[in-house]
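Reader: I am new to this one. Please show me the chain, then take my questions one at a time.

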Amino acid sequence: MSLRRFAQVDVFTAVPLKGNPLAVVVDAEGLRDAEMQAFARWTNLSETTFLLPPTRPEADYRVRIFTTARELPFAGHPTLGSCHAWLAAGGQPKGADVVQECGVGLVTVRRAAEGRLAFAAPPLLRTGPLDDATLGQVCLALGIGRDEVLAHQWVDNGPGWCAVMLGSRERLLALKPDFKALAPLELGVVAPVQKVGVVAQQSGAADFEVRALLSLEAVPEDPVTGSLNAGLAQWLIGAGLAPERYVVSQGTVLGRDGRVFVEKQGDTIWVGGQVTPLVQGQVRL
């Protein structure tokens with residue numbers, strides 16, 4: 001065991017304790033897979049990340065992302081939180097933007113407006129509408145009728161996301177999911193707040209409310225989820241269900257107040273938010 005630099009940050013919020021916490025082991029070189037998984041299980045957070053030297057010349061660093069139960073090829077709040085921790089530890093990008101290496105390949109992270117970081121949404125690994133059996137399972141697990149689902153889609157960019165859209169924020173917040181009935185699906189549920197548009201971007205209000213339901217994890221609902229919102233954005237914008245610039249609120253039922261800022265520029269969708277540092281020190285691993 002040795003002392004390694006460690007940080008814990010709150011992602012998708014400028015207000016401490018209102019976003020999604022992330023533990024980051026900055027100096028992870030030499031750790032075995034089992035040691036990473038054991039530490040992630042011990043932190044008991046939705047994700048813990050480990051920063052390593054890159055294996056590809058274009059990348060600035062490599063990250064491995066673990067839940068309490070498994071390794072993920074990509075996740076959004078760990079991408080932003082890891083980038084913040086890497087920069088805070090003295091990391092210097094090769095170019096204007098930071099390039100992260102992870103299980104899905106290279107992900108670009110840029111410094112956005114108002115001190116936010118934003119990542120470029122990676123390509124979807126699976127898309128298209130849900131089949132009848134999957135949609136039926138989702139409705140059963142959520143305790144809703146099929147007529148309440150306005151639209152549905154696979155939005156998988158690594159973790160396995162599928163998604164449904166409901167008609168109102170109030171209905172979404174009232175859901176009492178049956179996580180056993182949902183297994184093994186990872187489900188995103190989205191609903192419009194009121195009117196969708198530029199006003200929310202300017203005021204800090206939200207256009208959409210989102211919930212991320214994780215049937216196989218020890219933490220069954222994720223407070224604020226970058227990967228899901230990246231997949232949702234590709235679906236919603238592409239289908240004309242959302243404008244090219246909007247704000248998401250997530251974590252409300254968990255007592256959080258996360259904000260995810262989505263913007264399409266050219267062919268790229270950027271998913272961003274604030275990162276607030278909370279803990280900095282060392283961990284013995």
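Author: Start with two terms. On a 1 Å grid over the protein atoms alone, a cavity is a set of points where a 1.4 Å probe fits but cannot get out, and a pocket is an open set with protein on both sides within 12 Å along at least five of seven lines; lining residues have an atom within 4 Å of a point. This is a predicted model, where local features need pLDDT of at least 70, side-chain atom pairs count only at pLDDT 80 or more, and totals for chains, interfaces and linings use all residues. Residues are numbered from 1 along each chain as its sequence is written, and side-chain values use heavy atoms, without hydrogens or water.

Reader: How many residues line the second largest pocket?

Author: Begin at its centre: Phe-6, Ala-7, Ala-85, Ala-88 and Gln-280 lie nearest to it. They belong to a lining of the second largest pocket whose total is 13 residues.

Reader: How much space lies in the second largest pocket?

Author: A volume here is the space filled by probe spheres set on the grid points, which are joined across faces, edges and corners. For the second largest pocket this comes to about 180 Å³.

Reader: How much space lies in the largest cavity?

Author: A search of the whole structure finds one cavity of 30 Å³ or more. The space in the largest cavity is about 170 Å³.

Reader: Which residues are closest to the centre of the largest cavity?

Author: The lining of the largest cavity has 23 residues. Of these, the closest to its centre are Glu-47, Thr-67, Leu-72, Trp-161 and Leu-214.

Reader: Which element gives the most to the lining of the largest cavity?

Author: Two helices, α2 and α7 (226–238), each supply at least two residues of this lining. With three residues, the element that gives the most is α2.

Reader: Is Leu-17 buried or exposed?

Author: Leu-17 lies in the loop between β1 and β2 (20–25). Its phi is near 75°, a positive value in a residue other than glycine. Buried means under 20% relative accessible area, exposed over 50%, and partly exposed in between (1.4 Å probe, protein chains only). Because its relative accessible area is 62%, Leu-17 is exposed.

Reader: What is the phi of Asn-44?

Author: Asn-44 is found in the loop between α1 (33–43) and β3 (48–52). Asn-44 counts as partly exposed because its relative accessibility is 48%. Although it is not a glycine, Asn-44 has a positive phi of about 60°.

Reader: Why does Leu-278 count as partly exposed?

Author: Leu-278 lies in strand β17. It counts as partly exposed because its relative accessibility is 40%.

Reader: Is the peptide bond from Ala-183 to Pro-184 cis or trans?

Author: Pro-184 lies in the loop between α5 (179–182) and β11 (186–192). Omega is near 5° for the bond from Ala-183 to Pro-184, and the bond is cis.

Reader: How many Å separate the C-alpha atoms of Gln-194 and Ser-2?

Author: Gln-194 is found in the loop between β11 and α6 (198–203). Gln-194 is exposed, since its relative accessible area is 68%. Gln-194 and Ser-2 are 192 residues apart along the chain, and their C-alpha atoms are separated by 52 Å.

Key:
Helix = DSSP H or I, 4+ residues; strand = E, 2+ residues; numbered from the N terminus.
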